[in-house]
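These are my notes from a first look through one structure. I began with the strands and then moved to the helices and single residues.

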Amino acid sequence: MLSQIATLEPRLKEILYRCLEEVRATKSALYIVPTADVEENTFELVTQYGFNDQIDKVIQLTDPRIERLMVRRLPYFHNSISADPMFSEILFAHGTDRILVAPVYARGRLIGIIDMRDKAGKKPFADPDVEKAKQITEGIIDVLRGEKLFHLAAIELIEATRPNEFTNVVGQMRGRGSAPAAGTPAPAARPVPVPATAAPATRSA
């Protein structure tokens with residue numbers, strides 16, 4: 001695991017607890033790729049709550065949880081151990097029958113997942129839970145961005161006192177004879193002189 005991520009574990013776990021508070025998932029785990037620069041085929045467990053000691057410490061690209069995200073890059077859920085045979089073994093291993101998986105993306109690259117299980121009250125996961133899961137993954141990204149991991153950088157804020165570059169360019173264009181901006185009266189057109197009409201020639205007898 002990246003040493004920087006290891007030091008971020010308390011902050012990431014605090015965000016992961018939102019899965020309990022907002023989605024009501026009784027178990028949740030965060031997996032992230034172990035390196036920031038090299039394409040990896042594994043995702044390592046960073047933090048979790050609710051799972052027993054048998055939780056997967058590493059998952060591969062061939063894991064159904066990852067394979068499904070390679071096909072559909074959005075959160076998804078299953079509410080039955082028989083809903084998808086590919087997930088039966090994963091669910092059975094921890095005595096769960098409901099799962100919601102949310103991807104964590106950085107600059108278009110899948111760098112992690114959140115694996116949530118068993119909504120409180122034995123309720124099924126639903127579409128509103130997917131929207132909440134997206135917001136939680138954004139919280140994960142914000143922490144990683146703050147540390148500039150996975151080529152993420154904080155968004156530079158523009159100071160209010162900074163000159164408006166667009167306005168400057170418009171002013172320069174006006175000085176070159178460009179069309180005036182909307183609301184600026186156009187200069188009065190100069191009258192175009194009309195040549196006098198010559199008198200018709202007189203025919204001599």
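**Strand pairing**

I looked up β4 and β5 to begin with, and they pair in the antiparallel sense over three bridges. The model is a predicted one, and I keep that in mind for every entry. Within this pair, H78 stands opposite I99 in β5.

I then followed β5 to its other partner. Strand β5 (residues 99-106) is joined to strand β6 (residues 109-119) by eight bridges, and the two run antiparallel. I noted two facing pairs here: L100 has M116 as its bridge partner in β6, and Y105 stands opposite L110 in β6. The hairpin of β5 and β6 has two residues between the strands, and in it R107 takes a positive phi near 50°.

Is β5 enclosed or open to the outside? I found that β5 is largely enclosed by the rest of the structure, because seven of its eight residues are buried.

**The other strands**

I moved on to β1 and β2, which pair in the antiparallel sense over five bridges. I32 has E44 as its bridge partner in β2.

**The whole sheet**

In what order do the six strands lie in the open sheet? I read the order as β3-β2-β1-β6-β5-β4, with antiparallel pairing. At the edges I found β3 (58-60) and β4 (76-78), each of which pairs on one side only. On average, neighbouring strands of this sheet are turned by 25° against each other, direction ignored.

Next I looked for helices against the sheet. Helix α1 (residues 3-16) packs on it and touches β1 (25-32), β2 (42-49) and β6. The direction of α1 makes about 55° with that of β2. Helix α5 packs on the sheet too, touching β1, β4, β5 and β6. For α5 I noted an angle of about 35° with the direction of β5.

**Helices α3 and α4**

I reminded myself that two packed helices are described by the angle between their axes and the distance between the axes. The axes of helix α3 (residues 64-71) and α4 come within 10 Å and cross at roughly 140°. On the α3 side I listed P64, R65, E67 and R68, which meet M86, F87 and I90 in α4. Sorted by class, this contact has four nonpolar, no polar and three charged residues.

Which residues of α3 are buried? They are P64, R65, I66 and L69. I also looked at the start of α3, where a side-chain oxygen of D63 reaches to within 2.8 Å of the backbone nitrogen of R65.

**M116 and the core**

I went back to M116, already noted as the partner of L100. The largest nonpolar core has 45 residues, and I114 and M116 touch the most other members. Not counting residues up to four places away in sequence, M116 touches C19, V23, A25, K27, S28, R98, I99, L100, F125 and A133.

**R98**

R98 was on that list for M116, and I looked it up next. I found R98 in the loop between α4 (85-93) and β5. Is R98 buried or exposed? R98 counts as buried because its relative accessibility is 10%, and the cut-off for buried is under 20%. The side chain of R98 makes a polar contact with the side chain of D97 (2.6 Å). Neighbours within four places in sequence aside, R98 is in contact with H78, N79, L91, M116, R117, D118, K119, K122, K123, P124 and F125.

**Q135**

My last entry is Q135, which is found in helix α5 (residues 127-146). Q135 is partly exposed, with a relative accessible area of 48%. I also looked up Q135 and R18, which are 117 residues apart along the chain. The C-alpha atoms of Q135 and R18 are separated by 9.7 Å.

Terms used:
Residues are numbered from 1 along each chain as its sequence is written. This is a predicted model: local features need pLDDT of at least 70, side-chain atom pairs count only at pLDDT 80 or more; totals for chains, interfaces and linings use all residues. Side-chain values use heavy atoms; hydrogens and water are left out. A nonpolar core is a set of buried Ala, Val, Leu, Ile, Met, Phe, Trp, Tyr and Cys residues joined through side-chain atoms within 4.5 Å. Buried means under 20% relative accessible area, exposed over 50%, partly exposed in between (1.4 Å probe, protein chains only). Contact means heavy atoms within 4.5 Å. Helices (H or I, at least four residues) and strands (E, at least two) are DSSP runs, numbered from the N terminus. Two strands pair if DSSP finds at least two bridges between them. Axes are lines fitted to C-alpha atoms, for helices over the stretch in contact, and angles run from 0 to 180 degrees between N-to-C directions. A polar contact is a pair of N or O atoms within 3.5 Å; within protein, one must be able to donate a hydrogen and the other to accept it, and residues adjacent in sequence count only if both atoms are side-chain atoms. Ala, Val, Leu, Ile, Met, Phe, Trp, Tyr, Cys and Pro count as nonpolar, Asp, Glu, Lys and Arg as charged, and the others, Gly among them, as polar.
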